[in-house]
Amino acid sequence: MRLVSLAAVAAAISVFPAAAQEAPVTGDTPPPASTEAPAGGVSRTARQVYTPADFTRYAPKNAYDMLQQVPGFAIRDNEDLRGLGLATGNVLFNGKRPSNKGDDMYTQLSRIPAGNVERIEIVDGAALDLPGLSGQVANIVYRADGVSGQFSWKPEFRAHYTDPLFTRGDISLRGRTGAIEYEVALNNDDSARSGAGGPTLITDGAGNIVERRSDIWNTHYDTPKLSGRVTWNGANDSIANLGGHYQRKFDRYYEDGVRVSPGEPDRLRTVRDNADSWNYEIGGDYQFGLGPGKLKLIGLRRFSHEPYSQEIITTPSDGSPPTGERFAQTGGLGETIARGEYQWKMFGGDWQLSGEAAYNTLDNVASIATLSPDGVFVDQPFPGGIGGVSEDRYEGLLSFGRKLTSKLSFQLVAGAEHSTITQTGMAGQTRTFFRPKGSLTLAWAPSADFDVSIKIRRRVLQLSFYDFLARAFLNDDNQNEVNNDLRPQQDWSYEAEINKKLGAWGSTKLNLIYRDVEDKVDVIPIGTDGEAVGNIAKARAWAIDWTSTINFDPAGLKGVKLNTRVLYQQSSLRDPFTGEKRPYSGWQDAYVELGLRHDIASTDWAWGANADYSHYRPNYRRNQTDRVWEGPVWLSAFVEHKNVMGLTVRATIGNILNARSRRDRTVYTGVRGDSPIDFVEQRDRLIGPMFAFSVRGKF
């Protein structure tokens, strides 16, 4: 019935008349091509500039749609570093970085209607007066002169195990009144209905089958977020922003299965997870002229209430009393940030002095309970899961950047942070740290179609405060102990980005990354037979990431474009349990992606296909290796009409090659590598085809 419904929709699309448009939306229009940089914005450093006319063939509804089609450009979100810190993404908005942490780049870009975008500038990050940027950066230059809005609805249907998804979509409104620009949005794009089902075999060390399982799981996941933002453009280039959001998360997991073992009664096993939560963020910034430069003041407060529970009950078929366990915790995560940035020009370059104070907290209460024969859960002692973590952190950085020649720029950032981490609860303590931070970036652009960026930096990564406390994973019979000695991961990072334009044929980009890591966060031994999240003294990793966009218009295939990405990366550390070298836990060491799109000439139709392959390394714990993956090859195809009464309508079929959900887990009787195999778990679950439909428009 779902296939018939999609076919009926496609047939209905074909009979709708095309609405009048300012420019034809067909494959006849050329692919995006850069032009000379106009005055204003950050265009004095622009490498390429794209105007709305360059994206006509794609009928974009928002800035995200446009930026996706810039040849060779891949959106890089901000890294999960500490506080606000320096800019780490590769997208700017009117020459500024966003002063928030609760929205990813996709969300922020999708709230800007395409009609508000004046141009997209591709610039060299090191040539800007924003410390931390490197490589190619996209600056979205936009302005709202009236009131405009956009919306999308993206239902999805799966053939097996899941309920239909009707709630995925978003709506936003943006406008201007005098010097005030405003936006309001309701977004539930990050929603899903997932599921899989199939057999699992449990064998002993000799390969004998000791248990057969048949399980079905599915999830209900919705994250509606209401957000708003106000921008005031004052006199003398002063500007103020105030924004925030409130979000609810509805996260449920259901698993039902039957377990069959020789000589034992069959058992019905149910797993129920509930991770419903809510969070908010409010923040703002104000920039104004002061003395020879500009001062920007930033403030941000966010909080997340995060209850979680997992309940597992096993019921024998012979009438014996059921057995079960329950793990529950309620965490409250808070972050408060105050930051100041002063920019000025001196010695022919751009200077910035920044200071940041941040206060992060976690208060957590956790419990474990077992099911008694009379069907009542009885709490058991679990002191390691109760406690709090707080961190006071202060950071100061000084940066200087300038052009050395007409083709070579550099940027230097130097500073340090001081932090105090305090833990309460089991074996609580207070520790103080001082860490240097900074970076050196060189950008070389010998020609208009070739540029190279090299960056060396000292990074300090963010910690999950939950990792300090004990945690139970009932579904796999694992548990983390308390570790009050956990430290933030640090590294020396060496990065190079090489960009080459191929004229009308497109572009290609090569990223090279090497990281020398200290205090790698992983699972380590605790006591005689325990384990916890902790630190490994030394580790390293490197990656080659190659992306390209190939336009086939010059070959006579009008409207045909191919996007490719090849990622290969390796890692190494000394295993804290066995002493042997191994890769990072759960490390993705290979990824290949191909995306084909054809905007059919002289029509409003487009079609395409996307395929990707990925490979992951196992996760490692004290007594097991555990490799979980889906795929390994995913293939989807879509057909799109760009003007159904002014709407863009798309139908997609996913998982055409029947990618599956798999798991290979080997559990030992003791420490992995020094003990015999206890059992091996091999899982093979059906996911099945997926049918998605989307309607996108503006008002």
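The legends below describe views of a predicted model of a single chain.

View 1. The whole chain and its overall dimensions. In this predicted model, the chain contains 3 helices and 38 strands. Its radius of gyration is 27 Å, close to the 27 Å that the globule rule gives for 699 residues, so the chain is as compact as a globular protein of that length. Burial, contacts and surface of the chain. Of the 699 residues in the chain, 53% are buried, and among contacts between residues at least 6 apart in sequence, 66% join residues at least 24 apart. The accessible surface comes to about 30,300 Å², with 59% of that area belonging to carbon and sulfur atoms.

**View 2. The hairpin of strands E26 and E27.** Strand E26, covering residues 506–526, pairs with strand E27, covering residues 530–551, in the antiparallel sense over 20 bridges. Within this pairing, Ile513 stands opposite Ala543 of E27. The hairpin has 3 residues between the strands, and Gly527 takes a positive phi near 65° there. In a regular strand, the side chains alternate between the two faces of the sheet.

**View 3. The pairing of strands E27 and E28.** On meeting strand E28 (residues 560–574), E27 again pairs in the antiparallel sense, here over 13 bridges. One of the paired positions joins Asn551 to Lys561, its bridge partner in E28.

Notes:
Residues are numbered from 1 along each chain as its sequence is written. This is a predicted model: local features need pLDDT of at least 70, side-chain atom pairs count only at pLDDT 80 or more; totals for chains, interfaces and linings use all residues. Side-chain values use heavy atoms; hydrogens and water are left out. Helices (H or I, at least four residues) and strands (E, at least two) are DSSP runs, numbered from the N terminus. The radius of gyration is taken over C-alpha atoms; the globule rule is 2.2 Å times the number of residues to the power 0.38. Buried means under 20% relative accessible area, exposed over 50%, partly exposed in between (1.4 Å probe, protein chains only). Contact means heavy atoms within 4.5 Å. Accessible areas come from the Shrake-Rupley method with a 1.4 Å probe; for residues, only the protein chains shown count as cover. Two strands pair if DSSP finds at least two bridges between them.
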